[in-house]
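Student: I have a model open on my screen and would like to learn how its features get their names. Could you take me through it?

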Amino acid sequence: MQEISGIKNPRSQTAIGHVAKGGVDISHGPILYLEDISVSFDGFKALNDLSLTVDAGELRCIIGPNGAGKTTMMDVITGKTKPDSGTVFFGQSIDLSRMNEPQIASAGIGRKFQKPTVFENHSVFENLELAMKYDKSVLKNLFSKRRQSQIKKITETMEMIDLVDQADRPAGLLSHGQKQWLEIGMLLMQEPQLLLLDEPVAGMTDDETEKTAKLFKSLAGDRSLVVVEHDMEFVAEIASTVTVLHEGSVLAEGCMEDVHANERVIEVYLGR
């Protein structure tokens with residue numbers, strides 16, 4: 001396998017398929033990259049030699065028409081779909097193609113689907129507590145009090161997602177946008193280093209969309225975000241780099257201004 005943008009071949013690294021002590025190895029910059037990924041379903045090529053690199057701390061937006069391969073790409077990253085060919089690495093040493101979905105989630109990759117999934121009969125606080133990354137064994141919960149550090153982390157997360165004043169409210173009574181934020185908060189409780197977010201502002205009000213943009217920009221840097229979205233105003237607001245997929249491959253990539261002016265992108269996706 002050849003180097004991409006000066007990145008050393010990760011197969012030369014150790015601990016392939018395992019999380020190195022201290023987390024994912026981002027010593028060479030990228031936290032995620034796919035090289036020559038192809039996936040076919042009954043003769044239809046959903047991904048066609050797709051290559052993509054995401055840097056540590058980056059907020060990347062992925063756009064493209066329906067059927068471009070956006071969901072399949074996220075399925076490959078999270079282990080839901082195994083590629084027919086190609087490689088997908090998390091940092092320098094973690095070969096995601098050798099891992100199943102729970103292993104990939106434990107390695108530090110969180111995924112949010114378009115429709116929010118929360119425990120509607122539980123409060124906001126309880127939802128975040130249930131999602132927390134800690135020992136949930138029966139004995140641990142029966143014979144120990146909730147630690148102050150855990151309460152602090154839940155409170156900090158509620159502040160981050162602007163739901164402190166909803167802490168005791170059942171999640172089922174939240175607005176659509178608030179449920180989206182709660183699910184993002186639940187992902188954050190798992191301490192992921194990479195978040196995959198599928199159409200997060202679909203169905204949101206303008207005010208909720210604006211708050212979501214601020215949230216995502218505040219998360220970038222400490223974490224990496226890959227956002228699949230159709231709302232071009234939202235994309236322009238949050239992303240420094242936009243990748244356009246078409247027929248399973250990268251059609252264009254760059255800042256929003258360059259992508260928006262690209263004749264091929266206009267032809268196949270944005271329109272005139």
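**Reading the sheet and its aromatic pairs**

Tutor: Gladly! Let's start with S9 and S10, which pair in the antiparallel sense over five bridges. This is a predicted model, in which local features need pLDDT of at least 70 and side-chain atom pairs pLDDT 80 or more, while totals for chains, interfaces and linings use all residues. Residues are numbered from 1 along each chain as its sequence is written, and side-chain values use heavy atoms, leaving out hydrogens and water.

Student: What makes S9 and S10 a pair?

Tutor: Two strands pair if DSSP finds at least two bridges between them. S9 and S10 have five bridges, so they pair. Strands are DSSP runs of E with at least two residues, and helices are runs of H or I with at least four, numbered from the N terminus. In S10, Ser249 stands opposite His246. Two residues lie between the strands of this hairpin, where Glu247 takes a positive phi near 55°.

Student: How do you know that strand S3 pairs with strand S9?

Tutor: Apply that rule again: four bridges join S3 (residues 59-63) to S9 (residues 241-246), and the two run parallel. Arg60, for example, has Thr241 as its bridge partner in S9.

Student: Which strands make up the sheet, and in what order?

Tutor: The open sheet has six strands in the order S6-S7-S8-S3-S9-S10, with mixed pairing. Strands S6 (109-112) and S10 (249-254) are called edge strands because each pairs on one side only.

Student: Now the rings. Why is the pair of Tyr33 and Phe89 called stacked?

Tutor: Rings of Phe, Tyr and Trp (its six-membered ring) pair if their centres lie within 6.5 Å; planes under 30 degrees apart count as stacked, over 60 as edge-to-face and the rest as tilted. Tyr33 and Phe89 have ring centres 6.3 Å apart and planes at 20°, so the pair is stacked. Tyr33 is in strand S1 (residues 30-41) and Phe89 in strand S4 (residues 85-90), 56 residues apart.

Student: And what makes Phe216 and Phe234 a pair, and of which kind?

Tutor: Their centres are 5.9 Å apart and their planes at 70°, so this pair is edge-to-face. It links helix H7, with Phe216, to helix H8 (residues 232-238), with Phe234.

Student: Are Phe216 and Phe234 buried or exposed?

Tutor: Buried means under 20% relative accessible area, exposed over 50%, and partly exposed in between (1.4 Å probe, protein chains only). Phe216, at 0%, therefore counts as buried, and Phe234, at 3%, is buried as well.
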